[in-house]
Amino acid sequence: MKDAIIYATNWGKRKMVKQNDQNKSQQMNNYKFSDQEYTSIRAEMIQRIDAINSQIMTAIVTIISSWVAGLTLLIEETKIENLSFSNLLLIDLVRTFVFLIPIFYFIPLAIKSGENLTQIVSISAYIRVFYDYSSIKNDTEKMNWETSNNIMSSINVDRGNKKSKILKLCDETYTILASCSYAIYILFSIFCINDFKRGGKIILIIYIIIIIILAVIAGVSVGLIHAVSCTKNNMMSMTKRYVYGYIDRAKQLGIFSEQEAKTAKRELNPDSYFQ
């Protein structure tokens with residue numbers, strides 16, 4: 001009787017293991033990664049890259065227009081004779097504050113750029129795990145463009161090199177333009193102080209308080225633009241997270257075994273490139 005119970009228990013365990021293996025195999029077969037999906041997500045990546053480039057061109061046009069407007073006011077001011085004191089102060093204020101417009105305008109553009117960069121990283125990691133690496137593991141038609149592109153990109157070549165000028169300037173267009181506009185704002189604010197001195201001590205103090213407050217707000221805005229749009233924050237720091245996340249997802253779907261997932265993390269670890 002005891003032997004019969006043991007046999008029945010072992011038989012039940014073997015049956016459960018076999019059933020789990022069958023479920024895993026069936027689950028894995030339910031996930032098919034087609035050329036159509038690959039083409040679709042690659043197209044989405046290209047669209048997001050195009051969107052980033054388009055936004056940068058918009059930013060350049062905006063900041064050039066603002067700078068031209070500020071310089072035009074400076075030139076026109078010198079041409080006007082018998083300009084009243086109130087009009088002089090008004091022109092000075094407008095001419096100074098016009099250089100802040102690009103900074104505040106860049107904030108939503110930078111946030112959107114950071115979002116696009118993050119999604120590009122996600123798509124890239126998805127392709128590398130579910131297409132490039134899986135095609136090698138399963139000995140199917142080989143795909144390797146995305147993996148090779150990531151390895152050979154200047155971002156990964158310079159990864160870990162703190163002195164790299166390429167890495168520091170990657171996708172810092174918004175930060176550079178905003179910083180230039182901020183510097184011009186400071187210079188013009190200082191330049192206008194002499195005009196406000198003519199209005200008396202109270203007007204001068206009010207003007208200085210206003211430009212300081214705006215300078216602080218603009219400075220924080222430049223920092224925010226850098227934080228949300230730079231490559232280091234939105235691509236380098238997110239790459240490992242997405243690669244490992246998709247490998248874990250592949251393991252959950254039964255595409256990778258436990259050992260295969262560990263091997264994939266070691267081979268696809270972005271920090272290991274060129275070390």
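This report walks through salt bridges in a predicted model.

## Ground rules

The model is predicted, so local features need pLDDT of at least 70 and side-chain atom pairs count only at pLDDT 80 or more, while totals for chains, interfaces and linings use all residues. Residues are numbered from 1 along each chain as its sequence is written, and side-chain values use heavy atoms, with hydrogens and water left out.

## The charged pairs

Side chains of opposite charge can pair when their charged atoms come close. The structure holds 4 salt bridges, each being a side-chain nitrogen of Lys or Arg within 4 Å of a carboxyl oxygen of Asp or Glu.

(Helices are DSSP runs of H or I with at least four residues, numbered from the N terminus.)

Is Arg 48 buried or exposed? Arg 48 counts as buried because its relative accessibility is 19%, and buried means under 20% relative accessible area, exposed over 50%, and partly exposed in between, using a 1.4 Å probe and protein chains only. Glu 44, at 29%, counts as partly exposed.

## A pair in helix H4

Over in helix H4 (residues 101–137), Lys 112 and Glu 115 are 3 residues apart, about one turn of the helix. Their salt bridge has its closest N and O atoms 3.3 Å apart. Lys 112 is partly exposed at 34%, and Glu 115 is partly exposed at 38%.

## Lys 251 and Glu 258

The side chains of Lys 251 and Glu 258 also meet in a salt bridge, 3.5 Å from N to O. Lys 251 comes out as partly exposed at 28% relative accessibility, and Glu 258 as partly exposed at 45%.

Key. Helices (H or I, at least four residues) and strands (E, at least two) are DSSP runs, numbered from the N terminus.
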